[in-house]
Amino acid sequence: MALRDVKPTRSELINIKRKIKLSERGYNILKMKRDGLILEFFKVLKEAKDTRGEMLRKFQHAQEMIALANTVEGTIGVKAAAFSVKEKPEITLKSKNIMGVVVPEIEASKVRKSLAERGYGVLGSRAVIDETAEAYEELVEAIIESAEVETKMKRLLDEIDRTKRRVNALEFKVIPELKEGAAFIKMRLDEMERDELSRLKRIKAKSAE
């Protein structure tokens, strides 16, 4: 707020004081929101570390199982079993609101399959194929869960950053400038009042003469 643009009137002073009150109220609300989002972020961060660790563990297990299946059944046998699966996993995206932040909820179906649903036939494959298929189904579930949690974490982090910028703008720019404007108007009004008193005294003195 440029002081040269401030009108030194009582109505303007009242208006600026009202803006200060509203800005301070908004500042306090945003601070509470920021603090709440940070607490929520750290909860999700822990969850993200856990889900990522579980995903990496299941990825390692799936890699070991596919290597074993290739050794036992051969690459062609493994590929034939993989191509026998007809139904693919289905993903449904929903959303929920966390303190004004819309975060995703991912629901997956048809990830885990029974022996019959895998399509390659129980008699035509060995147990290692089933165990490998199960390991990869578990891995897909872990990837979906990890994607949901990490997306939630990123959106919370983005909102924390936006909220912090708004808090800082109010604390270090908007409110100080409004207070500076209010102080300037008060000073000018006081000066005008003193000038008016001096003028009245001079008039009174002249009248007395």
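In the predicted model, the chain exposes about 14,200 Å² of surface, and carbon and sulfur atoms supply 57% of this area. Buried residues account for 28% of the 209 residues in the chain. With regard to charge, the chain carries 44 positive and 36 negative charges, whose mean positions lie 9 Å apart.

The secondary structure consists of 3 helices and 2 strands, which follow one another from the N terminus in the order α-β-β-α-α. The chain is more spread out than a compact globule, because its radius of gyration of 34 Å is well over the 17 Å that the globule rule gives for 209 residues. Along the principal axes, the box filled by the C-alpha atoms spans roughly 125 × 25 × 25 Å. Contacts within the chain were also examined by sequence separation. Of those between residues at least 6 apart in sequence, 77% join residues that are at least 24 apart.

Confidence in the prediction was considered for the chain and for its elements. The average pLDDT of the chain is 87, and 92% of the residues score at least 70. Among the elements, the highest mean pLDDT, 92, belongs to helix H1, which comprises residues 10–84. Helix H2, formed by residues 115–118, has the lowest mean value, at 70.

How values were computed:
Residues numbered from 1 in each chain as written. Predicted model: local features only at pLDDT ≥ 70, side-chain atom pairs only at ≥ 80, totals over all residues. Heavy atoms only, no water. Helix = DSSP H or I, 4+ residues; strand = E, 2+ residues; numbered from the N terminus. Rg over C-alpha atoms; globule rule 2.2 N^0.38 Å. Buried < 20%, exposed > 50% of the residue type's maximum accessible area, 1.4 Å probe, protein only. Contact = heavy atoms within 4.5 Å. Areas by Shrake-Rupley, 256 points an atom, 1.4 Å probe, with all protein chains shown as cover. Lys, Arg positive; Asp, Glu negative; His and termini not counted. Charge placed at Lys NZ, Arg CZ, Asp CG, Glu CD. pLDDT = per-residue confidence, 0-100.
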